[in-house]
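Me: I would like to go through this model and ask, term by term, what each label rests on.

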Amino acid sequence: MILDDVFLFLKDAGVARSHAAFSTDFLGHSPRYYDYIRCSGARPSLRSLVKLAFTLTDLAKVASMLSEKVALSDCAERVIGEVYRRCR
């Protein structure tokens, strides 16, 4: 699932320390939203995917290293791609 990939990247980068932080800071939902998505197999809301894409794009703009900028931009593009696929 794309959220798992993004969460692991952000956790490794030290940006999202926990599922709860990822849920609130990046997905715009309650602290247990990401856990709910993972356990239930439900798809994340389009609103949360759009918020995640915008947040990743904003982080890419302020990233200090080129490799971080590229990685964050790639994550944002993958999330936006998911939004487009779901909106067809």
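Me: How many positive and negative side chains does the protein chain have, and how far apart are the centres of the two sets?

Reply: In this predicted model, the protein chain carries 13 positive and 10 negative side chains, and 5 Å separates the centres of the two sets.

Me: What makes the protein chain as compact as a globular protein of its length?

Reply: The helices come first: the protein chain has 5 helices and 0 strands, and along the sequence its pattern reads α-α-α-α-α. The radius of gyration is 12 Å, close to the 12 Å that the globule rule gives for 88 residues, so the protein chain is as compact as a globular protein of that length. Along the principal axes, its C-alpha trace spans about 35 × 30 × 15 Å.

Me: Why are the buried residues of α1 said to be on the same side of the helix?

Reply: In α1, which covers residues 2–12, the buried residues are Ile2, Leu3, Val6, Phe7 and Leu10. They cover an arc of only 125 degrees around the axis, and therefore they lie on the same side of α1. The buried residues of α1 pack against α2 (19–26), α3 (33–40), α4 (46–62) and α5 (66–87). Just after α1, Gly14 takes a positive phi of about 80 degrees.

Me: Why is Leu10 called buried?

Reply: Leu10, found in helix α1, has a relative accessibility of 0%, and because buried means under 20%, Leu10 counts as buried. Leaving aside residues up to four places away in sequence, Leu10 touches Val15, Ala16, Phe22, Phe26, Leu56, Leu59 and Leu72. Leu10 and Val62 are 52 residues apart along the chain, and their C-alpha atoms are separated by 15 Å.

Me: How do you know on which side of the cut-off Thr55 falls, buried or partly exposed?

Reply: Thr55, in helix α4, has a relative accessible area of 19%, and since the cut-off for buried is under 20%, Thr55 is buried. Not counting residues up to four places away in sequence, Thr55 touches Asp25 and Phe26.

Me: Which residues of α2 are buried, and what covers them?

Reply: Ala21, Phe22, Ser23 and Phe26 are buried in α2, and what covers the buried residues of α2 includes α1, α3 and α4. After α2 comes Gly28, with a positive phi near 75 degrees.

Me: Why is Leu72 called buried, and what does Leu72 touch?

Reply: Leu72, whose place is in helix α5, has a relative accessible area of 8%; this is under 20%, so Leu72 is buried. With residues up to four places away in sequence not counted, Leu72 touches Phe9, Leu10, Leu56, Leu59, Ala60 and Ala63. Leu72 and Phe9 are 63 residues apart in sequence, with 8.8 Å between them in space, C-alpha to C-alpha.

Note on methods. Residues are numbered from 1 along each chain as its sequence is written. This is a predicted model: local features need pLDDT of at least 70, side-chain atom pairs count only at pLDDT 80 or more; totals for chains, interfaces and linings use all residues. Side-chain values use heavy atoms; hydrogens and water are left out. Helices (H or I, at least four residues) and strands (E, at least two) are DSSP runs, numbered from the N terminus. The radius of gyration is taken over C-alpha atoms; the globule rule is 2.2 Å times the number of residues to the power 0.38. Lys and Arg count as positive and Asp and Glu as negative; His and the chain ends are not counted. The place of a charge is taken as NZ of Lys, CZ of Arg, CG of Asp or CD of Glu. Buried means under 20% relative accessible area, exposed over 50%, partly exposed in between (1.4 Å probe, protein chains only). The arc is that of the directions from the helix axis to the C-beta atoms. Contact means heavy atoms within 4.5 Å.
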